[in-house]
Amino acid sequence: MDQTTPDTSLSHQSVTFPDGLRLDCGFHLAPVEVAYRTYGTLSPARDNAIVVCHALTGDQYVADTHPLTGKPGWWTRMVGPGLPIDTERFFVICINVLGGCMGTTGPRSPRMRDDGTTEPWGTDFPPITIRDMVRAQKLLVEHLGIDRLLAVVGGSMGGMQVLEWCATYPECVFAAMPIATSPFHSAQNIAFNEVSRQAIFADPQWHGGRYWECNEIPARGLAVARMMAHITYLSEAALTRKFGRRVRHAPGRAGAGEPGSLFGEMFEVESYLRHQGSTFVRRFDANSYLTITRAMDYFDLGAEHEGDMSRPFAGTRTRFCIVSFSSDWLFPTSQARLLARALNRVAANVSFVEIDSDKGHDAFLLDEPDFDRTIRGFLCGAAEHAGIA
Amino acid sequence: MRLDQRLIAGMIRPRTRVLDVGSGDGALLDYLFRNSGCDARGIEIDMREVTRSVAHGLPVMHGDADHDLAHYPDNAFDYVVLQRTLQAVERPREVLRQMLRIGRYAIVSFPNFGHWRLRVQMLVRGRMPMTSVWNTPWYDTPNIHPCTILDFLTLCRDEGYVVEEWMAVDEDGERAPWRRSIRLANLFGEQALFLLRRKDG
């Protein structure tokens with residue numbers, strides 16, 4: 001397992017808000033730094049801005065090379081010149097979420113101790129909610145001088161942020177595209193997150209969350225968390241198509257080469273998951289993972305409204321386009337339909353599409369031509385209705 | 001756009017809120033938005049049509065008349081349109097009630113089972129009729145609740161709906177000339193088109 005400590009010295013494009021934010025938990029977090037990337041040009045009327053919200057382990061590098069991994073951004077197939085989220089037409093903003101580890105204030109950020117010295121927040125970082133993430137994004141959007149967003153788009157946890165944008169700042173969102181998401185985090189999804197967290201807690205190198213003191217990271221625990229979560233992002237059909245039961249021989253592995261040994265061979269799917277785990281720990285902070293998964297668990301649009309998920313959207317004038325994927329069992333179509341019907345109850349303008357795909361939850365990041373057409377068409381339609389040529 | 005859709009569009013006042021149940025390829029929605037400035041939205045059961053419509057920028061959600069109308073609030077729309085679908089829904093009376101709950105007006109078109117060709121085929125051959133409109137065998141047809149124009153009028157009377165306007169058209173949507181006689185329309189009209197409202201609305 002890779003033990004490299006993630007590089008914390010990177011500099012990201014960011015704005016610091018000295019007054020910070022009052023969080024849902026009651027804590028006043030200040031200052032708050034918000035790291036972001038923008039693509040395209042803001043129109044003189046400032047009416048062509050689209051916020052793209054990233055998922056649990058994503059970041060603001062949506063359409064350019066990731067500074068840590070050197071790999072292309074996580075949605076380069078969707079965001080760019082001439083692409084469905086067309087940066088020749090739209091000004092695209094992607095913001096690292098509050099609690100993240102790519103420049104926005106989070107558990108790895110320094111806090112002032114009583115004696116004037118600083119140390120990372122670690123697990124003392126206050127619990128945050130999806131709404132807190134959106135409040136931080138709103139600070140940045142205001143800072144950029146934008147009153148109304150043409151659209152907010154996001155998948156998975158990004159979709160939760162889209163919904164919170166619409167519920168918290170309805171007048172600021174002309175169109176919204178919650179993708180592969182749900183109006184609340186289900187018991188099953190909380191359960192998966194808990195297994196991920198327990199994997200991190202169980203790693204002796206986690207050191208109760210103060211792993212920086214020992215110059216270590218809980219790489220094994222975080223990798224196991226990622227491996228487990230990654231299974232939930234796929235589908236049985238996708239795993240079968242990609243790996244089947246194919247076996248590869250693992251020369252460097254304990255017991256390898258000894259005929260008949262228990263782990264002498266490795267299934268390709270095992271090898272793939274190990275690779276996913278080991279590359280993940282190089283770019284992601286374990287305490288951020290704990291903070292953000294908890295924020296997802298708290299997400300429930302009906303929680304403050306006796307379970308009525310439609311009330312946060314009462315009177316909304318936002319145009320919604322809900323997208324689900326047929327093989328997504330983490331955020332299934334049935335939950336997207338609950339959201340669609342909640343929006344129907346307030347007579348909102350709702351499009352609702354289920355894209356036929358066997359790629360599971362991750363389909364929203366992958367090549368799905370119908371999905372591309374849906375995003376492009378919905379945004380073009382929104383721009384037309386918003387009066388943007 | 002089909003001719004019968006043009007007739008429907010002609011019944012809808014500009015700049016109103018319209019829900020098209022069974023919006024198909026979205027042609028009526030597109031027309032109503034572009035030509036009448038309507039806030040026109042669709043519900044469609046065929047996912048390919050939904051995707052195609054949304055990809056054209058039209059607000060369409062996947063759903064169907066039997067299960068999705070109940071979720072809308074009262075008077076959410078000025079018009080609720082049901083094109084050539086009434087005979088295929090599970091509970092036509094309930095669908096009509098929902099349409100006139102969430103909309104001030106309901107526009108309903110359906111193929112007329114009272115057409116003379118169907119009557120003659122039943123009488124002469126003694127078998128389920130097959131025509132260009134009723135063109136699937138009984139074991140395959142989605143049209144589980146066929147009715148005649150007279151049947152529909154009876155239902156409207158029983159439910160207390162006011163028929164604001166009606167017309168009978170042929171399969172291509174050309175208006176048929178039996179405007180004054182419902183009995184003639186029931187014999188010669190292939191499709192029927194109704195504009196309804198609640199008595200109290």
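This report describes a predicted model with chains A and B, taking confidence, domains, interface, annotated residues and chain B in turn.

## Model and conventions

Local features are reported where pLDDT is at least 70 and side-chain atom pairs count only at pLDDT 80 or more, while totals for chains, interfaces and linings use all residues of this predicted model. Residues are numbered from 1 along each chain as its sequence is written, and chains are lettered from A and ligands numbered from 1 in the order in which they are written.

The model has an ipTM of 0.91 and a pTM of 0.94. For chain B the mean pLDDT is 93, with 96% of residues at 70 or more; pLDDT is the predictor's confidence in each residue, from 0 to 100.

## Domains of chain A

Chain A splits into domain 1 (14–188 + 300–385) and domain 2 (190–292), with bounds that come from an automatic or database domain assignment. The C-alpha centres of domain 1 and domain 2 of chain A are 27 Å apart.

Between the two domains of chain A, 27 residues of domain 1 are in contact with 22 residues of domain 2. Contact means that the C-beta atoms of two residues, placed from the backbone, lie within 7 Å. The domain 1 side of this boundary has 11 nonpolar, 12 polar and 4 charged residues. In these classes, Ala, Val, Leu, Ile, Met, Phe, Trp, Tyr, Cys and Pro count as nonpolar, Asp, Glu, Lys and Arg as charged, and the others, Gly among them, as polar.

## Interface between the chains

In the interface, 23 residues of chain A are in contact with 17 residues of chain B. On the chain A side, strand S15 (319–325), helix H8 (333–345), S16 and H9 each supply at least two residues. Helix H9 of chain A gives the most, with 9 residues. Helices (H or I, at least four residues) and strands (E, at least two) are DSSP runs, numbered from the N terminus.

By class, the side of chain A that touches chain B has 8 nonpolar, 6 polar and 9 charged residues.

## Annotated binding site

An unreviewed UniProt entry lists A:Arg226 and A:Asp362 under "binding site". Such positions are given in the numbering used here, feature names are shortened, and annotations may be inferred rather than shown by experiment. The listed residues are spread over 137 residues of sequence but cluster in space, with a largest C-alpha distance of 13.8 Å.

A:Arg226 is in helix H4 (residues 219–233) of chain A. A:Arg226 counts as buried because 21 other C-beta atoms lie within 10 Å; the cut-offs are 20 or more other C-beta atoms within 10 Å for buried, 12 or fewer for exposed, and partly exposed in between, with C-beta atoms placed from the backbone. Beyond residues up to four places away in sequence, A:Arg226 touches A:Gln276, A:Gly277 and A:Phe280. A:Asp362 lies in the loop between strand S16 (349–355) and helix H9 (369–385) of chain A. A:Asp362 is also buried, with 22 C-beta neighbours inside 10 Å. Neighbours within four places in sequence aside, A:Asp362 is in contact with A:Tyr233 and A:Leu234.

## Two further loop residues of chain A

A:Ser357 is in the loop between S16 and H9 of chain A. A:Ser357 is buried because 23 other C-beta atoms lie within 10 Å. Leaving aside neighbours within four places in sequence, the contacts of A:Ser357 are A:Phe325, A:Ser326, A:Ser327, A:Ala363 and A:Glu368.

A:Arg113 is in the loop between strand S9 (110–112) and strand S10 (118–120) of chain A. A:Arg113 is exposed because it has 9 C-beta neighbours inside 10 Å. With neighbours within four places in sequence left out, A:Arg113 is in contact with A:Thr118 and A:Glu119.

## Strands and a helix in chain B

In chain B, strand S5 (residues 103–111) and strand S7 (residues 191–198) run antiparallel and are joined by 7 bridges. B:Ser109 stands opposite B:Leu193 in S7. Strand S6 (residues 161–169) of chain B also pairs with S7 in the antiparallel sense, over 8 bridges, and B:Val162 has B:Arg197 in S7 as its bridge partner. Pairing requires that DSSP finds at least two bridges between two strands.

Helix H5 (residues 92–102) of chain B has as its buried residues B:Pro92, B:Val95, B:Leu96, B:Gln98, B:Met99, B:Leu100 and B:Ile102. The elements of chain B that cover these residues include helix H4 (65–68), strand S4 (77–83), S5, helix H7 (149–159), S6 and S7.
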